[in-house]
Amino acid sequence: MLSAARRLFIPAAIFNWSVAGGLLFLSDLTGPLLQLDPSGGSNLALRDMCMALVAAFGIAYWRIAFDPLRFRPYIELGIVGKALVVLVIYGHWLTGHIGW
């Protein structure tokens, strides 16, 4: 079980850190690639808080990778968190706030 957890959660942690780091520290490069509108003020703060949360999920995934039994509740939190992101984005797409 430990090697399976490592194979799953180490790449997940690295992916989360890559996304968060890219959008936090390289927004001038990644923003246009992802077709993000320029943000300012409170929008910028909200983006940064979301990316900090993504980075925190990376920490949780890293901890799961090395002790999946102890950090089992983080797995459920990750499932719920990712599912909520999908529901929020899908809801905005359905209402026409964002394009496909």
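Asp67 sits in the loop that joins α3 and α4. The model is a predicted one: local features require pLDDT of at least 70, side-chain atom pairs count only at pLDDT 80 or more, and totals for chains, interfaces and linings use all residues. Residue numbers start from 1 along each chain as its sequence is written, and side-chain values use heavy atoms, with hydrogens and water left out. With a relative accessibility of 29%, Asp67 counts as partly exposed. Buried here means under 20% relative accessible area, exposed means over 50%, and partly exposed lies in between (1.4 Å probe, protein chains only). Asp67 and Ala5 are 62 residues apart along the chain. Their C-alpha atoms are separated by 8.4 Å.

The protein chain contains 4 helices and 0 strands. Its elements run α-α-α-α from the N terminus on. Helices (H or I, at least four residues) and strands (E, at least two) are DSSP runs, numbered from the N terminus. Along the principal axes, the C-alpha atoms fill a box of roughly 45 × 30 × 20 Å. Of the 100 residues, 19% count as buried. Contact is defined as heavy atoms within 4.5 Å. Among contacts between residues at least 6 apart in sequence, 66% join residues at least 24 apart.

Asn16 belongs to helix α1. Its relative accessible area is 3%, so Asn16 is buried. Apart from neighbours within four places in sequence, Asn16 contacts Val54, Phe57, Gly58, Tyr61 and Lys82. Thr30 is placed in helix α2. Thr30 also counts as buried, at 19% relative accessibility. With neighbours within four places in sequence left aside, Thr30 touches Gly22 and Leu23. Thr30 and Val19 are 11 residues apart in sequence, and their C-alpha atoms are 9.5 Å apart in space.

Aromatic pairs were examined next. The whole structure holds 6 of them. Rings of Phe, Tyr and Trp (its six-membered ring) pair if their centres lie within 6.5 Å; planes under 30 degrees apart count as stacked, over 60 as edge-to-face and the rest as tilted. Phe57 and Tyr61 form a tilted pair, with 6.2 Å from centre to centre and 50° between the planes. Phe57 and Tyr61 are 4 residues apart in helix α3, so about one helical turn separates them. Both Phe57 and Tyr61 are buried. The pair of Trp62 and Phe66 is tilted because the planes stand at 55°, with ring centres 5.2 Å apart. Trp62 and Phe66 are both in helix α3, 4 residues or about one turn of the helix apart. Trp62 is partly exposed at 35% relative accessibility. Phe66 is likewise partly exposed, with a relative accessible area of 38%. Ring pairs also connect Phe9, Phe57 and Tyr61 into a cluster. Of these, Phe57 and Tyr61 are among the contacts of Asn16.

Charged side chains came next. The structure has 1 salt bridge, defined as a side-chain nitrogen of Lys or Arg within 4 Å of a carboxyl oxygen of Asp or Glu. Arg47 and Asp48 form this bridge through their side chains, at 2.6 Å from N to O. Side chains of opposite charge can pair when their charged atoms come close. Asp48 is partly exposed, with a relative accessible area of 27%.

The largest pocket has a volume of about 1,600 Å³. It is lined by 38 residues, and those closest to its centre are Leu23, Leu36, Cys50, Met51 and Ile89. A pocket is an open set of points on a 1 Å grid over the protein atoms alone, where a 1.4 Å probe fits, with protein on both sides within 12 Å along at least five of seven lines; lining residues have an atom within 4 Å of a point. Grid points are joined across faces, edges and corners, and the volume is the space filled by probe spheres set on the points. At least two lining residues come from each of α1 (2-25), α2 (27-33), α3 (42-66) and α4 (72-95). The most come from α4, with 11 residues. By class, the lining holds 24 nonpolar, 10 polar and 4 charged residues. Ala, Val, Leu, Ile, Met, Phe, Trp, Tyr, Cys and Pro count as nonpolar, Asp, Glu, Lys and Arg as charged, and the others, Gly among them, as polar.
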